[in-house]
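Here is a short note for your review. Please read it with the model open beside you.

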Amino acid sequence: MTRITFNTVPLLGDLVLPALMLAAEEFPRLQTTYRASLERVEITDPNLIVMRAGADKPGAGLVGHWLGRLGVGLVATQGYIARHGRPERPEDLARFSFAAHEWRTILPPWFRWVAQYVDEPHISFATDDEAAMRRAITSGRCAGFLPISSLIWTPELVELYPQQEEWRAPLWLVHAEGASQECRDITAYLGSIIQRSLAE
């Protein structure tokens, strides 16, 4: 049995999980532990793969596989938009409520963009649980940022504000230089699938 641990940040389940399920078919003896966390992970385990979003090229002792840039949209339900309207300019976002991840250190690119225009965005719901944040947004009580692929999987959501180039986050798959051969093979396989998904 080949056991690997796959760490990523919340938000990326729709992108990552289909690739992991395909890897389970390609590598029938593969057992994967999937963790989505905002905490930065030390990459020393030879059977650990980490997806990093918004990060620079991995440093010494690490091997990085470039995936592409993740498109992120500011989304809400049609009902939320019917009640609150659409923002015409970035400053209008001050009157909207957001669901957001409980970022403890560095803000993601999309919230750095909002912070340029809104002194203190109204975050009505904060969580580090991906499913909970999606449910909060689809409840129609707040808006939030999700990968643009969410518009495919969640038809009740629409874009509240046009996508901005600054919201696009670079993605890497990273493992230790001393990673096992199985870990390297699985990383390469996952990388090829995720790259295609980002290009579509």
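1. Start at T77. This is a predicted model. T77 touches I137, T138, G140, E156 and L157, leaving aside residues up to four places away in sequence. Threonine 77 itself sits in strand β5, which covers residues 72-77.

2. Is T77 buried or exposed? T77 has a relative accessible area of 8%. Buried means under 20%, so T77 counts as buried.

3. The wider contact pattern is next. Take contacts between residues at least 6 apart in sequence: 79% of them join residues at least 24 apart. The secondary structure comes to six helices and ten strands.

4. Look at strand β10, residues 169-176. Eight of its eight residues are buried, so by the cut-off of under 20% relative accessible area the strand is mostly covered. Which way do β3 and β10 run? Strand β3 (residues 48-53) and β10 run antiparallel, joined by four bridges. Within that pairing, V50 has V174 of β10 as its bridge partner.

5. Strand β4 (residues 62-70) also pairs with β10. Eight bridges join the two, and they run antiparallel. Here R69 stands opposite P170 in β10. When you inspect these strands, keep one general point in mind: in a regular strand the side chains alternate between the two faces of the sheet.

6. Helix α3 spans residues 109-117. Which of its residues are buried? They are P109, W110, F111, W113 and V114. In an α-helix there are 3.6 residues a turn, so residues three or four places apart point the same way.

7. What do the buried residues of α3 pack against? The list is β5, β6 (97-101), β7 (122-127), β8 (143-147), β9 (157-161) and β10.

8. Overall dimensions. The C-alpha trace spans about 55 × 35 × 25 Å along its principal axes. The radius of gyration is 18 Å; a compact globule of 200 residues would have one near 16 Å, so the two agree.

9. Surface and burial. Of the 200 residues, 46% count as buried. The protein exposes about 10400 Å², and carbon and sulfur atoms supply 48% of that area.

10. Charges. There are 19 positive and 24 negative side chains. How far apart do the centres of the two sets lie? The separation is 1 Å.

How values were computed. Residues numbered from 1 in each chain as written. Predicted model: local features only at pLDDT ≥ 70, side-chain atom pairs only at ≥ 80, totals over all residues. Heavy atoms only, no water. Rg over C-alpha atoms; globule rule 2.2 N^0.38 Å. Buried < 20%, exposed > 50% of the residue type's maximum accessible area, 1.4 Å probe, protein only. Contact = heavy atoms within 4.5 Å. Areas by Shrake-Rupley, 256 points an atom, 1.4 Å probe, with all protein chains shown as cover. Lys, Arg positive; Asp, Glu negative; His and termini not counted. Charge placed at Lys NZ, Arg CZ, Asp CG, Glu CD. Pairing = 2+ DSSP bridges.
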